[in-house]
Amino acid sequence: MYTLYFGNCNYSSWSLRAWLLLRHFEIDFTAHQVEVLGQGPNARHRGYSANGLVPCLHVDGFPIWDTLAIAEFLAERHAGLWPRNELARARARSVSCEMHSGFTALRGAMPMNIKLRLNGAELPVDVQADVDRVAEIWADARAEFGEAVGGPYLFGSFCVADAMFAPVVWRFNAYNVALPPAAAAYRDTMLAHPGMKAWERLALAEHQAFAHYDALAERFGGSREA
Ligand SMILES: N[C@@H](CCC(=O)N[C@@H](CS)C(=O)NCC(=O)O)C(=O)O
């Protein structure tokens, strides 16, 4: 019996990843949404998550926190979360770990805020470097693995790597980030994913506003809501 503790759909990028995996792979779970504040570890979450962060997956009451740990646990129990081919699986893990541990400039400047539809702006050099690296990861995975096996996702079929980059897709969409054609095509594939659309509907129905996120959005040309 799985229970997923997760945060606000509009803002909680890490929550999206775990939720998307459970939903895409049709793994039965009880959804337990909690309010996040977007300011790091939060004592309010300590009752269900040891590090004060969500997502946290409870398995018959046993807590598993941190997105990659949740993904690996689910992959040990359920088929299809990682690519079948050994080298594709290794690459999917490399890019998932790179997402998990990197891209701090992009994350800091463009927090996930699904409701926004901004005009776009020239990006600071370090943020643009992160965007370029994401676009490169996507194009390389599609060319080397996705297109070879068929299927529109990074490694063909939807896998953990796609879930790991899902919040970046929302960021590129919200902040109107210019992308080369291969990356733009993958962004659009992800925006059409049924799980992404379901999460977006939940986000659009939420009312909480993070003023510190909205302030960051101003440099991208206003804060028009979707
Ligand atoms: N490394 C963690 C990061 C989790 C994280 O930063 N979660 C945020 C929400 S996206 C959180 O719980 N923040 C506490 C709060 O804002 O209340 C993971 O991979 O799950």
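**Helices, ligand shell and overall fold**

Q: Which helices are included in what covers the buried residues of helix 8?
A: Helices (DSSP H or I runs of at least four residues) and strands (E runs of at least two) are numbered from the N terminus. Covering here rests on contact, meaning C-beta atoms, placed from the backbone, within 7 Å. By that test, the cover of helix 8's buried residues includes helix 1, helix 6 (160-174) and helix 7 (181-191).

Q: Which residues of helix 8 are buried?
A: This is a predicted model: local features need pLDDT of at least 70, side-chain atom pairs need 80 or more, and totals for chains, interfaces and linings use all residues. Residues are numbered from 1 along each chain as its sequence is written. A residue is buried with 20 or more other C-beta atoms within 10 Å of its own, exposed with 12 or fewer, and partly exposed in between, with C-beta atoms placed from the backbone. In helix 8 (residues 194-204), the buried ones are Gly195, Met196, Trp199 and Ala203.

Q: Within what arc do the buried residues of helix 8 fall?
A: Look down the axis of helix 8. The arc is that of the directions from the axis to the C-beta atoms. The buried residues line one face of helix 8, because they fall within an arc of 100 degrees.

Q: Which exposed residues sit on the face of helix 8 turned away from its buried side?
A: The buried side holds Gly195, Met196, Trp199 and Ala203. Turned away from that side are the exposed residues Pro194, Lys197 and Arg201.

Q: Is Arg23 buried, exposed or partly exposed?
A: Arg23 belongs to helix 1. Leaving out residues up to four places away in sequence, Arg23 touches Gly195 and Ala198. It has 19 C-beta neighbours inside 10 Å, so Arg23 counts as partly exposed.

Q: Which element gives the most residues to the shell around the ligand?
A: The ligand has 15 residues around it, and Trp14, Val36, Asn42, Leu53 and Thr67 come nearest. A residue is near if its C-beta atom, placed from the backbone, lies within 6 Å. The biggest giver, with three residues, is helix 1.

Q: Why do the buried residues of helix 2 lie on the same side?
A: The buried residues of helix 2 are Thr67, Ile70, Ala71 and Leu74. Their cover includes helix 1, strand 3 (56-59), strand 4 (62-65), helix 3 and helix 6. They share a side of helix 2 because they cover an arc of only 100 degrees.

Q: Against which helices do the buried residues of helix 3 pack?
A: Helix 3 buries Ala88, Arg91, Ala92, Val95, Ser96 and Met99. These residues are on the same side of helix 3, because their arc is only 135 degrees. The opposite face carries the exposed residues Glu86, Leu87, Ala90 and Ser101. The buried set packs against helix 2 (67-77), helix 5 (125-149) and helix 6.

Q: What share of the residues in the protein chain is buried?
A: Among contacts between residues at least 6 apart in sequence, 69% join residues at least 24 apart. Of the 226 residues in the chain, the buried share is 43%.

Note on methods. Two residues are in contact if their C-beta atoms, placed from the backbone, lie within 7 Å.
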